[in-house]
Amino acid sequence: MSKIIGQPLAGIPWEEKPEGYTMPLWRYSRNPIIGRNGNKVSNSVFNSAVVPFEDGYAGVFRCDSKAISMDIYVGKSKDGLHWEIEDEPVQMEGADGEILKWEYRYDPRVCYLDGRYYITWCNGYHGPTIGVAYTYDFRKFVQLENAFLPCNRNGVLFPRKINGMYMMLSRPSDNGHTPFGDIFISQSRDMEFWGRHRHLMSPVQGNESAWQITKIGPGPTPIETDEGWLLIYHGVITTCNGFVYRMGAALLDLEQPWKMLLRSKDYILAPQEFYECVGDVPNVVFPCAALSDADTGRIAIYYGCADTVTGLVFTTVDDILSYLKEHPM
Ligand code: BMA
């Protein structure tokens with residue numbers, strides 16, 4: 001039996017695996033949990049991040065407006081399933097007005113670390129880069145320096161320091177619909193200056209695992225297990241109809257997380273349901289957050305569906321790690 005190293009979460013959203021199901025992730029029966037009209041302004045609500053907060057959950061949600069302007073909004077929930085999303089975007093304060101200039105903000109992640117909720121997101125600053133902010137209460141947000149130079153997307157923090165360093169995954173990119181992309185890990189002593197960049201993983205060339213041939217990017221905050229860090233990521237193939245986004249998983253060394261121990265050859269989730277295949281951008285499943293319960297090993301993953309709505313899938317640490325071991329690269 002594999003173990004999650006972390007906090008218990010007795011109220012984690014949950015449904016049992018359907019009888020006879022053979023894939024490692026199973027969908028919530030009432031997906032999608034958030035529709036297009038998640039708040040007053042939204043055209044779509046997707047690629048969003050949630051964490052346990054007070055006696056329920058809080059999150060930061062990507063809502064593209066009806067003007068198709070990308071921004072992030074606070075949401076709250078009692079049960080992790082029913083969400084109330086604010087109608088006004090997150091307001092940031094910070095030391096340097098230059099950094100507070102707003103171009104666009106999307107694909108947030110939230111990570112509880114050292115007593116703060118850190119938000120990372122794709123932040124427009126002369127091209128996409130990684131914005132960083134923290135909050136204690138999901139009301140006041142303090143924005144720090146952008147972590148990297150543009151162009152970069154998918155900044156994902158580890159939930160604790162490793163060997164005294166904060167660690168962040170990211171995926172250097174271009175300013176458009178990037179047709180390439182490897183995942184790197186960067187380190188920082190202070191959440192401001194990032195360095196010691198280490199390569200983690202590349203897309204898979206050839207025909208061996210073509211769902212992840214074009215680019216890959218980290219998803220939720222990695223989950224610590226007794227066997228390594230469990231990383232859920234997205235992998236992309238270029239088809240005659242454009243990109244198709246699927247989900248994969250990898251296991252990373254606990255002390256040196258740029259060393260990959262296992263990686264899925266088979267995807268763990270693919271766009272197959274109507275709401276994943278039909279929407280503003282068809283054929284996208286894009287994970288950005290996971291809740292986990294260290295007592296039972298349960299994991300609930302929040303993901304964007306077709307860049308339009310938000311879905312939930314379930315697994316356990318055993319289901320996903322045994323699948324990884326049975327379908328290795
Ligand atoms: C990426 C980002 C994601 C989106 C994906 C698929 O470049 O824009 O937010 O989900 O493309 O459209």
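Mentor: Quick definition before we start: buried is under 20% relative accessible area, exposed is over 50%, and partly exposed is in between (1.4 Å probe, protein chains only). The model is predicted, so local features need pLDDT of at least 70 and side-chain atom pairs pLDDT 80 or more, while totals for chains, interfaces and linings use all residues. Residues are numbered from 1 along each chain as its sequence is written, and side-chain values use heavy atoms, leaving out hydrogens and water.

Trainee: Which residue forms a salt bridge with Lys 140?

Mentor: We want a side-chain nitrogen of Lys or Arg within 4 Å of a carboxyl oxygen of Asp or Glu. For Lys 140 the closest N and O atoms are 3.8 Å apart, and the partner is Glu 93.

Trainee: How far apart in sequence are the parts that this pair ties together?

Mentor: Check the elements, which are DSSP runs numbered from the N terminus: helices (H or I) of at least four residues, strands (E) of at least two. Lys 140 is in the loop between strands S9 (128–135) and S10 (141–143), and Glu 93 is in strand S6 (residues 92–94), so the parts tied together are separated by 47 residues.

Trainee: What backbone oxygen does the side chain of Thr 120 reach?

Mentor: Thr 120 lies in strand S8 and is buried, with a relative accessible area of 1%. Its contacts (heavy atoms within 4.5 Å) include Asp 107, Ile 130 and Met 168. At 2.7 Å, its side chain reaches the backbone oxygen of Gly 155.

Trainee: Which residues touch the most other members of the largest nonpolar core?

Mentor: Such a core is a set of buried Ala, Val, Leu, Ile, Met, Phe, Trp, Tyr and Cys residues joined through side-chain atoms within 4.5 Å. The largest one has 38 residues, and the two that touch the most other members are Trp 83 and Phe 138.

Methods. Polar contact = N/O pair within 3.5 Å; in protein donor to acceptor, adjacent residues only side chain to side chain. Lists of a residue's contacts leave out its neighbours within four places in sequence.
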